[in-house]
Amino acid sequence: MSLPTISREYRTQGDGYQNLKLQSATLSKPKATEVTVKIHAVSLQFRDLMVSKGIYPQQKWDIVPCSDGAGEIVALGEEVKGWKIGDRVCPNFALDHIHGDVTEDIKLTGLGGHIDGVLREYINVPVHSLVRIPEYLSYEEGSTLPCAALTAYNACLGPVPLKGGDYVLVLGTGGVSIFAAQFALASGAIVIVTSSSDEKLQVAKKLGVQHTINYKKNVKWDEEVLNITGGRGVDHIIEVGGPNTILKSINAVRYAGWIHIIGFVSGGDNGIPVTLAILKTIIFRGILIGSVKQFEDMNRLLTARQIRPVVDKVFSFEEATEAFAYLESQHHVGKVVIKLA
């Protein structure tokens with residue numbers, strides 16, 4: 001196919017997703033070490049809502065939002081090797097995070113926040129940012145991997161990987177949380193999931209989750225976690241709530257356990273109580289997605305266990321505003337996806 005010269009894209013000025021603008025832009029040829037990817041699917045996350053509202057730290061203004069896309073290579077730069085037209089790929093969340101730790105420079109290559117993202121028909125990206133989509137996954141499923149899946153993988157299988165028999169507490173049933181439950185189960189852990197919805201907890205049970213807690217019906221969910229673990233507490237917590245849940249997470253984790261700090265969807269302004277953290281020797285770890293190397297490692301686990309992402313609802317490209325609204329409603333379990341033609 002011949003490469004088009006015009007590509008449709010959405011842009012936000014940070015004035016709310018309701019004001020997303022669909023417009024046409026010139027598509028340039030890829031540079032020597034770049035490829036052009038035709039985007040087939042984009043998945044949404046809480047960060048995308050923040051960017052659309054202009055409240056994401058260090059964000060660029062007048063930006064193409066969204067970091068998580070899946071597509072096929074349609075053009076190669078003249079120095080690109082090891083890839084071919086038609087390869088199914090995802091660009092990594094931060095284009096320059098190839099391996100190792102995050103740096104300030106790497107952080108500022110984050111798609112859809114610091115640089116233009118993937119909510120468009122075509123994108124040119126450096127070849128070093130590419131990861132192949134597992135063959136058994138669709139584009140819609142593949143689009144859920146760069147942020148939600150990789151964040152969950154980094155938490156569960158990072159510096160001290162969870163192991164069979166560990167107790168893992170997962171807060172909520174959004175994209176990161178559901179992936180964390182799936183990775184923990186695949187690793188032989190005992191998983192506890194919290195939610196305000198019995199219907200969402202039923203979805204978690206169907207995935208194989210052993211214990212569920214409705215935190216609206218049981219406001220002392222941290223005490224229930226201790227009951228489930230015989231008073232010991234859990235080994236790992238996937239903490240997506242933030243300030244309003246951190247105190248209960250501290251109570252629910254075991255001595256010298258891990259609290260993986262990923263999000264702050266519950267809001268609030270509580271900080272980490274230093275005295276409690278010291279007296280319980282808790283390890284707090286902030287997670288900022290992951291590297292290309294971790295992405296490749298994660299895909300091997302996905303393939304070995306044939307793990308399928310949980311996609312709640314798929315919207316068309318023209319329904320992007322509706323997709324953002326559905327994400328904000330928090331009615332979803334797993335991921336919300338936008339499909340391009």
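Student: How do you know that strand 8 and strand 9 are joined, and which way do they run?

Tutor: This is a predicted model, so we go by its coordinates. Strand 8 (residues 167–171) and strand 9 (residues 190–195) share 5 bridges and run parallel. Pairing takes at least two bridges, so they count as partners. Within that pair, tyrosine 167 sits opposite isoleucine 190 of strand 9.

Student: What makes strand 10 and strand 13 the edges of the sheet?

Tutor: Look at the order first: the 6 strands line up as 10-9-8-11-12-13 in an open sheet with parallel pairing. Strand 10 (211–214) and strand 13 (283–286) each have a single partner strand, so one side of each has no neighbour in the sheet. On average, neighbouring strands here are turned by 15 degrees against each other, ignoring direction.

Student: Why is helix 4 called roughly perpendicular to helix 10?

Tutor: Check the angle. The axes of helix 4 (residues 145–156) and helix 10 (residues 292–305) cross at roughly 85 degrees and come within 10 Å. Roughly perpendicular covers 65 to 115 degrees, so helix 4 gets that label relative to helix 10.

Student: What makes up the contact between helix 4 and helix 10, by class?

Tutor: It has 9 nonpolar, 3 polar and 1 charged residues. Helix 4 brings residues including Leu145, Pro146 and Tyr153, while helix 10 brings Phe295, Asp297 and Met298, among others.

Key:
Residues numbered from 1 in each chain as written. Predicted model: local features only at pLDDT ≥ 70, side-chain atom pairs only at ≥ 80, totals over all residues. Heavy atoms only, no water. Helix = DSSP H or I, 4+ residues; strand = E, 2+ residues; numbered from the N terminus. Axes fitted to C-alpha atoms, helices over the stretch in contact; angles between N-to-C directions. Parallel < 35°, antiparallel > 145°, perpendicular 65-115°, else oblique. Contact = heavy atoms within 4.5 Å. Nonpolar A, V, L, I, M, F, W, Y, C, P; charged D, E, K, R; others polar.
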